[in-house]
Amino acid sequence: MKLIKCNRCFMDSTAVPFVLIEEGCNYCEDFLGLEFKNVERKSELDDFVKTIKSAGSNKQYDCIVGVSGGVDSSYVLVKAVQLGLRPLVVHMDNCWNSELAQNNINHLVEKLDVELYTHVIDWAEYKLLMQAFFDADVIDVEMLYDNAMLSINFNLARKYGIKYILSGENISTEGVRMPQNWNWWKMDDKNIRDIASKKGVRKFVSFPLYTFWQSLMDRFIYRIKWTSILDLIHYDKEEVLLFLEKNYSYKRYPYKHYESIFTRFYQGFILPKKFNVDKRKMHISTLYLSGQVSRSEAHELLKSDRYPSETDFKADYAFFLKKMNWTESDLNIYLARPEISHNKYKSYLPLKIFLVGLYRKFIR
Ligand SMILES: [Zn+2]
């Protein structure tokens, strides 16, 4: 199929759905429709901080900040402390952490004098689950990380009676939304269980599976909110990086989400090779549309290699094979097999769509 490109942003027809609209496409049209202004919304921010403080006034912590070692979540943590919040810092280590990520987190936690809870995933079971996802030829292998991370955060929120989980999500660097065919719904435990069962895993011993039902309980019964403060402040990635480097010995990554060795190998090699997906198109479109990079800078970024150097790529390649116990031929066979959609496996997605429809019709 011929590749159709948007003339305004950097998305193209590898994204589904992709529709050209007047000067742009559905992705930039939606983003510009948000009328996002990257400025501090002081009174909203003050109100929000007051709400968090009062909800947690008699608790040990008033919020959770999940950190990955990346710039977005690192800045949320700094901001939370500056605003006088008392966060419990949560990090999940799926055994693919880059040393850079670990160092970034350690420096932040030490300097801000906050408490860090690290959950280290049991590698043997996690590895088996990752293998099941590879064998299933589905796109969203990172769904395992995201699902477990949600589980750890919400479990701690329930344990300590915390009502707010602050994430690093933000419009300023992530506003162009993820195309439907580039990932899967993270709370689809039925999908995870079905894919795992093909590998003989019927019971999870250590993997902290976050179920759709638990997510409904957390939202409607426990009333725990997953939210972000970055959209309420002025958030310029380059400024923030310089600030973190100067004050918290922060080390930057060449691209977004490169804090985990698997994530960078997945985004930099597996996704483009096997699935014809380059997530940089989305990230760079956001930076361009929000005025953080010029058109020529955006072009340069997209043209540049996904890896800072061939040596870095070779190191990750070797690390991946060793960690997964794969030979080079295993990897080549995997890459050559066609993709199978997540919806070829059992899924709660139809149920979720039905429930969301009911909710919109009768409750909201
Ligand atoms: Zn566009």
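Q: A residue counts as buried if 20 or more other C-beta atoms lie within 10 Å of its own, as exposed if 12 or fewer do, and as partly exposed in between. With that in hand, why is C95 called partly exposed in this predicted model?
A: Count the C-beta atoms: C95 has 14 others within 10 Å. That sits between 12 and 20, so C95 is partly exposed. You'll find C95 in the loop between β4 and α4 (99-112).

Q: And what makes D113 buried or exposed?
A: D113 has 7 C-beta neighbours inside 10 Å, which is under the limit of 12, so D113 counts as exposed. D113 belongs to the loop between α4 and β5.

Q: Why does Y345 count as buried, then?
A: Y345 has 20 C-beta neighbours inside 10 Å, and 20 is enough, so Y345 is buried. Y345 is a loop residue, between α15 (328-336) and α16 (349-363). Skipping neighbours within four places in sequence, Y345 is in contact with A136, N191, D194 and I195. As for L241, it is 104 residues from Y345 in sequence, with 41 Å from C-alpha to C-alpha.

Q: Which peptide bond is cis, and how do you know?
A: The one from V16 to P17, where omega is near -5 degrees. P17 lies in the segment before β1 (20-21).

Q: What makes the five-strand sheet a parallel one, and in which order do its strands come?
A: The pairing is parallel, and the order reads β5-β4-β3-β6-β7 in an open sheet. From one strand to the next, the twist averages 30 degrees.

Q: Why are β5 and β7 said to stand at the edges?
A: β5 (115-120) and β7 (225-228) each have a single partner strand, so one side of each has no neighbour in the sheet.

Q: How do you know that β3 really pairs with β6?
A: Pairing takes at least two bridges, and β3 (residues 63-66) and β6 (residues 164-167) are joined by two, so the two strands pair. They run parallel. I64 has I165 as its bridge partner in β6, and V65 stands opposite L166 there.

Q: What joins β3 to β4, and β6 to β7?
A: β3 and β4 pair in the parallel sense over four bridges, with C63 standing opposite P87 in β4. Four bridges also join β6 to β7, again running parallel, and S167 has S228 as its bridge partner in β7.

Q: Why is β4 described as largely enclosed?
A: Six of the seven residues of β4 are buried, so the rest of the structure largely encloses this strand. Helix α3 (residues 71-82) lies across β3, β4 (87-93) and β6, at about 150 degrees to β3. Helix α6 lies across β3, β4, β5 and β6, running at about 150 degrees to β4.

Q: Which way do the residues of β6 point, and are they buried or exposed?
A: Y164 and L166 point one way, I165 and S167 the other, and all are buried.

Q: What makes C63 stand out in the largest nonpolar core?
A: C63 is among the members that touch the most others in this 66-residue core, along with I64, V65, F133, L144 and L166. Helix α6 (residues 143-160) gives the most to this core, nine residues. Neighbours within four places aside, C63 is in contact with I52, G56, A80, L85, P87, I162, Y164, I165 and L166. A second, separate core has 16 residues, including C9, C28, M282 and L289.

Q: How do you know that domain 1 and domain 2 touch, and what is the touching side of domain 1 made of?
A: The domain assignment gives domain 1 as 1-35 and domain 2 as 39-364. 14 residues of domain 1 are in contact with 19 of domain 2. That side of domain 1 divides into eleven nonpolar, one polar and two charged residues. The domain centres, taken over C-alpha atoms, are 24 Å apart.

Methods:
Residues numbered from 1 in each chain as written. Predicted model: local features only at pLDDT ≥ 70, side-chain atom pairs only at ≥ 80, totals over all residues. Domains from an automatic or database assignment. Contact = placed C-beta atoms within 7 Å. Nonpolar A, V, L, I, M, F, W, Y, C, P; charged D, E, K, R; others polar. Core = buried A, V, L, I, M, F, W, Y, C linked by C-beta atoms within 7 Å. Axes fitted to C-alpha atoms, helices over the stretch in contact; angles between N-to-C directions.
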